[in-house]
Amino acid sequence: MDPQSHAVFPPGRSKFVLLSILVVAAWCGMAATSVLAQTVRKLAPGPDPLKFLLSDENHKLDPGRIRLSLGLLRIPTQVFAEAMAQQEDGDSQSWHRWLEKARADKKLTLVTTEDAETGPGQEFREGYTKPYRFVQQGESSQLWDDIQREGSTQLSPQLWGNLVQNLSEERVGTQMNGAIHVAPDRGAAHLDLTFLHVDEPTLRPAAVWKHALFDTPRAIFRPWSVYAQTVVPLESPFLVAAQVEPSDGGDPNNTASHVLALFGKITYMPNPESKRAPTFTPERLNSAGVLRSWTLDLPKTQFQDWLLNRTSNENDEPKLREWLATAFLRPEDPASPRLLHVASLATSTGGGPNWVAGELRWNDPAGFEPSGNSRIFRPLVSEDSPYIVHHRLEASMLFPAGPPNDPNLRMGAELKLEAPGGPLRWQRWKHAMEGREEEPDNLELADKGLYGLQGLSLNTELTWVPGKSVLTAAALRGDRVHAAFTQYLGRSFQELKERPTQGQAVPAFAEGVSPPPGPAFQATLWRIETPLTWTDKLLVAGPEQATPLAAELFKAVESGQARLSTLSTQSLRLAKNSSSKIGEPVNFYGGSYVNTASHAGGIYFNMRMLGQRFTGEEVELAVQKFNADGVEVAMTLQSTGEPVWRHWGVWQPGVAGTNAANSGLRRPQFRVSNLAAQLRLPLNQPQVVAVEPVREASSPGGPLTGLRWCVLRMSVEENPPPPVPPSEAGNEIVPRRSTRFQLLVLKLPASETVPPSTESQELAQRLLGEVKAGARPVLDVLSVFRPGTAGPGYGFSISSGTEYYFMDPRGQSGDREKKASLLAPAVMPQGTPFSEQIYFEDHVVGLELKLSERNWDLTRDNAPPQVVMDTFTDVRYEFPYVPSPDKRRTTVSVERPVFQMASIYGRHLKAGEASVTRLNEDTVVVVSEVGP
């Protein structure tokens, strides 16, 4: 050692310095080790999201064995949607290239992988699930109440036992099962697969029941499942299914921002000693494919302009690509098209139903009550309910209409599509009449999931030209349109090594599957609101003007002189029912009643069940007959507008500070229109089919504010249209002369005599003349256009007005009938008891018309509901409990409505006839049948 390198320490300090050096060195070593460990942790690679594509070098396949490797990936929605739009031919190699690039760009997150090894045709079952135990919200609330009663900071052994005994359980993890058949000479495999993955739940705090010893949050599970029978390539990656992952409302953007996508790969080791290679019927190869869907949020005007000029589905594919390109380019622009949902599902002929579903599931109150303990009053769960929000794409009975190389090949299927219309939101519910919703100790419940109401629900049959997207359904939502497009992509496989001999037939259909019957149609419904000045156009219109009036209405919408309030379109097939629903559920207090619980400081209440109503349009259609002149179609429409809220007072006059304005419950008012009709319509021509009155939802039974025109168009989706199928004897469309039914409600004093309706033609003509001249105002109007309707079973019904939800506090003996509350007098009869169960009821304030080939029947509210106050002076206190009954009495006041309704009917008129019938002492109904 170099002597100059020796350090000389002063006497007495050498040991101290040496010790210091050792300590510092040790500290530096530990720090370096810690930093190194952190560096290693940071640099350590995570699980490879594409590990399911890699060969298992440590586990070689034995001859005749098959390995299925699956990978469930989480991918940003827009990233996956762009990739899906680029897959034009079902080429698995293009998916492989995209997956490699997405992994390099860190766009993939591995959720789970599963492997299965099996023999051809043998069933396999793999995976693992474990129990996840949790406290349901109902148990949590009751446990909280028991702790409050005990007044203890510790749980008694009995409560601990009750808690453990009542724990709920869900299974989390991954499971799959199925079977695989292979056709090595075609490089293909037939896969029958059931796959389920349930991650551990997300936990949302429930602050209303604050347990001192432990937390009992709301457990929200996310099951994601696939069932598929399909044909896939050997040795190459393939997409089994993909579906948007529902949002629980907890992410910052509160949107469905990711897709779960299940990819797979099948490896097969041939057995050279096998006498016959395992295979499956070759016709399944001809119809193997992928079904895909996109749901877009589009500007209303842009979509309406395109739809009006749409004559078939021929140009749907380029339009979808145009809108998707804009959505991908400007995803943050609120005025541009936006992507809402995307899904993909592998299919094959004869398989099904195939589906992919992503869900949110949790347990929550459907009803609640005030606690009975004397320490804290807070709501407790009285009724539990499962809440479910789900995305779902399902296809069944998939079949080709022709051989695989036919240029006119069509693929047909039953299609179900479901998705929430918007993100999940959470809202507070008060539990005292004098309370407020925003108080932190109130219940917090989701605005969706109860009673299975979804934003988008489509159930129909349709056909695709392979590779082309088609508009499947759309509906107006505010100033935007939600439009769903679907596409079928065929998968191609290598040719047979031994081709069929010339003239040998190649099966086009799987065994037991028939080609789709008849043509496909697109049904589009518009409802357009105009000013009352359009009444003049209606009164002079003949039935043959149904088409010109529709064109005039569209021009009025374009110029801003009329408002498009409903737009709904859907694909359907001949002789098959199709239903489409797009909107949003609305929660409100009530099912059938509320239990009041009077208290010296106010009124708590028991809510045994929540009320929920779907707002938007529900349209059900069926094309029953079809010939060269048109179609005969049956249609039902249920339209519900956004709610207007009315406060109903429920208060104790003896409690200081309580009154009708600050104590009580809100109840909704919905502008509604329900229509059912059977019509014969020409093809590709929009037709006015009905006209109804418009009133403000905030003023039920108030004056007319406009007219709402219902326009329907039926189009054949194929261009040129297919040949007309031969009609069976007795099933032909029988032409009839078109007519228009018209009903007017007019003022006519009691001093003026109205003759019997059969003798009132002259009076009717005079009144109609005065209306057309502007000398007599119209209180109500309904009109039905009947273009060439056929068949004795023809019928038409329409109800229009405001669905008015109200409360009835009066006790009734015997069976309670809703009609009694509608006919109740303004002054409550003496001795009427108070019902501690205040009943919730509803009534459409407006008019309802039923029209048949023989007669018509009208029910109408002649005036807006009158709100009165009932005061009950002998109401018992619920708590705090006092043993002496005479000291448990209070007074309760409740608001309720009084209705003025009338019903009349008349006979069916011939073209050119009119009649007058008195509705009440100063109102008449004028009915006329307008001929061509």
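Modeller: Welcome! Two strands pair if DSSP finds at least two bridges between them; helices (H or I, at least four residues) and strands (E, at least two) are themselves DSSP runs, numbered from the N terminus. You are looking at a predicted model, where local features need pLDDT of at least 70, side-chain atom pairs count only at pLDDT 80 or more, and totals for chains, interfaces and linings use all residues. Residues are numbered from 1 along each chain as its sequence is written, and side-chain values use heavy atoms, with hydrogens and water left out.

Biologist: Through how many residues does a hairpin join strand 22 to strand 23?

Modeller: Strand 22 also pairs with strand 23 (residues 602-607), in the antiparallel sense and over six bridges. Ala597 stands opposite Tyr604 of strand 23. In the hairpin, the number of residues joining strand 22 to strand 23 is two.

Biologist: How many of the seven residues of strand 22 are buried?

Modeller: Buried means under 20% relative accessible area, exposed over 50%, and partly exposed in between (1.4 Å probe, protein chains only). Strand 22 (residues 593-599) is mostly covered, and its count of buried residues is six.

Biologist: At what angle do helix 2 and helix 7 pack?

Modeller: Two packed helices are described by the angle between their axes and the distance between the axes. Axes are lines fitted to C-alpha atoms, for helices over the stretch in contact, and angles run from 0 to 180 degrees between N-to-C directions. For helix 2 (residues 77-86) and helix 7 (residues 316-329), the axes are 11 Å apart and the angle is about 150 degrees.

Biologist: How many nonpolar residues has the contact of helix 2 with helix 7?

Modeller: Contact means heavy atoms within 4.5 Å; helix 2 brings Gln78, Ala81, Glu82 and Ala85, while helix 7 brings Arg321, Leu324, Ala327 and Phe328. Ala, Val, Leu, Ile, Met, Phe, Trp, Tyr, Cys and Pro count as nonpolar, Asp, Glu, Lys and Arg as charged, and the others, Gly among them, as polar. Besides one polar and two charged residues, the nonpolar ones number five.

Biologist: Is Gln243 buried or exposed?

Modeller: Gln243 lies in strand 7 (residues 238-244). Because its relative accessible area is 3%, Gln243 is buried.

Biologist: And why does Ala575 count as exposed?

Modeller: Ala575 sits in the loop between strand 20 (563-573) and strand 21 (577-589). Although not a glycine, Ala575 has a positive phi of about 65 degrees. Ala575 counts as exposed because its relative accessibility is 57%.
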